[in-house]
Amino acid sequence: MSYLEGLSEPHILFDTQYRILAANAAYRQQFSPVQSVVGRTCYEVSHHFNVPCDQAGESCPLAQSRASGQRERVLHLHHTPKGEEYVNIELAPLLDAHGEQAFFVEKMERLRVAQGQPAAQGLIGRAPAFQHMLALVARVAPSQATVLLLGESGTGKELVAQAIHEASPRAQRALVAVDCSSLPENLFESELFGHERGAFTGASTARGGLIEAASGGTLFLDEVGDIPLIMQVKLLRLLETGTYRRVGSTELRHADIRVVSATHRDLDRMVSQELFREDLYYRLSTFPIHLPALRERRDDIVLLAAALLERVAPQRKLRISEPALRLLQAQDYPGNVRELRNLLERAALLCDGNTVEASHIQQALSSGRRPSAGPRVHPQACDAGITDTAVSSLKGLTLAPGALRTIERAALQQLVSGHRGSRADLANKLGISERSLYRKLKALE
């Protein structure tokens, strides 16, 4: 007991029947400041369950330790006086004289970057897909590993990058975000690496880049799939050697950064089409994390809706009716959490009272994005190639405005999928410049 009391993090000691035998002050203060925990089971105190975690749909570190015979780590939602909070658990078995597991020591550490209840900021959710993603975040954050966040647009990749940074040893230094899709190719190198005076027209003074701004912290490369190929080589060198040069300089500089990147693109397909370097892909994806789409965690919409309403209408105490929540949960949300936020902001503006009703949600849905009206291009056009057969297959089709662009895109997609050479070879075959081809391929993605 005196050993446990000397530890700053919450610790408990319990037996094979889950009964708590000792708990230090940090645990008592955080999880049960009023009632004694000694003699009670760990699952009753932490989860308010009447059966062990693995019998209630949770992962049980004790059961895992019995199976593996070693330490185990899991992420759990624990009840605290402040509500439910995510907690990192590390369990260590203690053996008796016969080498059998007799007792267990459990260390707990709150994960401050996520909540299992509505909150003003941070990640929110408790669906299985969300918890799986969060467990990966908790595991990789304390390391120096390069992380690649994969997921659809609007799934919260920047929030997850921030969570990784805040749960890392670099949390006291800067998190610098780089929007790779908004930087022109001719400015990308200067923005990232910095430049010396006179390096190019307009460079009247020397300036450090975003890598220097992130020194000691985390560099977040958002939409990394949009990085130009010529810059991918220089980024690869940075990741492999930890060194770089400012534009116009021969001095080699060392970068003290941890890189987290994100994309909604299919990098595997881009690699196969030679639009993204394979060696850079492997460097960035040391630890890939898939962010679930909102339709994969519909149960979280209730929590998210309450939290988002507070953010979009902070001066009003709005609540959402049950029919409105059911209507929200029935949507597919191609724009994910970003789309849900916009929808709720419209609904809040349409609501004059204190309760957002289903009618407000329906009106907000009707005023949002809708499928375009008018005749559609026949499906055959989507498979068209630049051949006589393809042209004849288009005869008699009813073509919508913009159909020529659709056919061009379909033809280009077919050519790209069958091309095994370089991008320069493909541009030469099409009779266009490599830069024009790059723009077309970017639009195609």
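The model is predicted. The protein chain holds 19 helices and 17 strands. Of its 445 residues, 44% count as buried. Contacts in the protein chain with a separation of 6 or more are made to 62% by residues 24 or more positions apart. The accessible surface of the protein chain is about 23200 Å², and carbon and sulfur atoms contribute 49% of that area.

Helix H4 spans residues 61-68. Which residues of H4 are buried? They are Pro 61, Leu 62 and Ser 65. Viewed down the axis of H4, the buried residues fall within an arc of 100°, so they line one face of the helix. An α-helix has 3.6 residues a turn, so residues three or four places apart point the same way. Just after H4 comes Gly 69, which has a positive phi of about 75°.

The cysteines are the last topic. How many disulfides does the count give? The count comes to zero. Cys 42 is in no disulfide; the nearest cysteine sulfur belongs to Cys 53 and is 6.1 Å away, whereas a disulfide requires a pair of cysteine sulfur atoms within 2.5 Å. Cys 42 is buried, at a relative accessible area of 9%. Cys 351 is also buried, with a relative accessible area of 2%. Both values count as buried because the term covers residues under 20% relative accessible area.

How values were computed
Residues numbered from 1 in each chain as written. Predicted model: local features only at pLDDT ≥ 70, side-chain atom pairs only at ≥ 80, totals over all residues. Heavy atoms only, no water. Helix = DSSP H or I, 4+ residues; strand = E, 2+ residues; numbered from the N terminus. Buried < 20%, exposed > 50% of the residue type's maximum accessible area, 1.4 Å probe, protein only. Contact = heavy atoms within 4.5 Å. Areas by Shrake-Rupley, 256 points an atom, 1.4 Å probe, with all protein chains shown as cover. Arc of directions from axis to C-beta.
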